[in-house]
Amino acid sequence: MSAPRPPFPPFDLDSAVQKVQAAEDAWNTRDPHRVSLAYTEDSVWRNRDTFLTGREAIVAFLTDKWEREQDYVLRKSLWGFRGNRMAVRFQYEWHDAAGQWFRSYGNELWEFDERGLMRRREAGINDVAIDEADRRYFGPRPADERGPGHDIPIW
């Protein structure tokens, strides 16, 4: 049985923001095993055109992702929430093996179980090539850029 992951649904504004920040922090570790623990053992994902189920598949997917998407750094922003569901928008920057930088823009729909584990994740993502000089994210979000008033820009 998986350890519970507070905060638990139903979410209020504070707990929803806390959940989004916890997800951002975990993904910025680029540790597939750690990230997978936030999901149910039978979690169902759609990520772009990839469909997967279960933690083992999540670990394999993220391992491959972070081998391709080098120096990955992410920002997430709460878009809305109700009960045990959230809508989140995000941006992340990374470069490929040839050194080309990208900013990836996306939206996610999340559904949680009563233990605070995500049982469903649907993500749509678009990549835009950028110059290295246009990067805006250089590591995990600093403490003074967390909480209300620190949304991510639209472009």
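Which residue lies over the face of Trp45, and at what distance from the ring centre? Select Arg121 and you have it: Arg121 sits 4.3 Å from the ring centre of Trp45. A charge counts as over a ring if NZ of Lys or CZ of Arg is within 6 Å of the ring centre and within 35 degrees of the ring normal.

Before going on, a word about what is on your screen. This is a predicted model, where local features need pLDDT of at least 70 and side-chain atom pairs count only at pLDDT 80 or more, while totals for chains, interfaces and linings use all residues. Residues are numbered from 1 along each chain as its sequence is written, and side-chain values use heavy atoms, with hydrogens and water left out.

Helices (H or I, at least four residues) and strands (E, at least two) are DSSP runs, numbered from the N terminus.

Are these two buried or exposed? Trp27 is buried because its relative accessibility is 4%, and Trp45 is buried at 1%. Buried means under 20% relative accessible area, exposed over 50%, and partly exposed in between (1.4 Å probe, protein chains only).

Now look for Lys76: its charged end sits over the ring of Trp27, 5.3 Å from the ring centre.

**Stop two: the other rings**

Select Phe90 and Tyr92. Both are buried, and their ring centres are 6.0 Å apart with the planes at 10°, so this pair is stacked too.

**Stop four: a cavity**

Which residues line the largest cavity? Select Trp27, Asn47, Lys65, Tyr72, Leu74, Lys76, Phe90, Tyr92, Glu108, Arg121 and Ile125. β3 gives the most to this lining, with three residues. The space inside is about 50 Å³, and the structure holds one cavity of 30 Å³ or more. (On a 1 Å grid over the protein atoms alone, a cavity is a set of points where a 1.4 Å probe fits but cannot get out; lining residues have an atom within 4 Å of a point. Points are joined across faces, edges and corners, and the volume is the space filled by probe spheres set on them.)

**Last stop: the backbone**

Most residues other than glycine have a negative phi, and most peptide bonds are trans. Go to the segment before α1, where you will find Pro7 and Pro10. A cis peptide bond joins Pro6 and Pro7, with omega about 0°, and another joins Pro9 and Pro10, with omega about 5°.

Finish with Arg48, in the loop between β1 and β2 (50–53), where phi is positive at about 55°. Asp71, in strand β3, has a positive phi near 55°.

Key:
Rings of Phe, Tyr and Trp (its six-membered ring) pair if their centres lie within 6.5 Å; planes under 30 degrees apart count as stacked, over 60 as edge-to-face and the rest as tilted. On a 1 Å grid over the protein atoms alone, a cavity is a set of points where a 1.4 Å probe fits but cannot get out, and a pocket is an open set with protein on both sides within 12 Å along at least five of seven lines; lining residues have an atom within 4 Å of a point.
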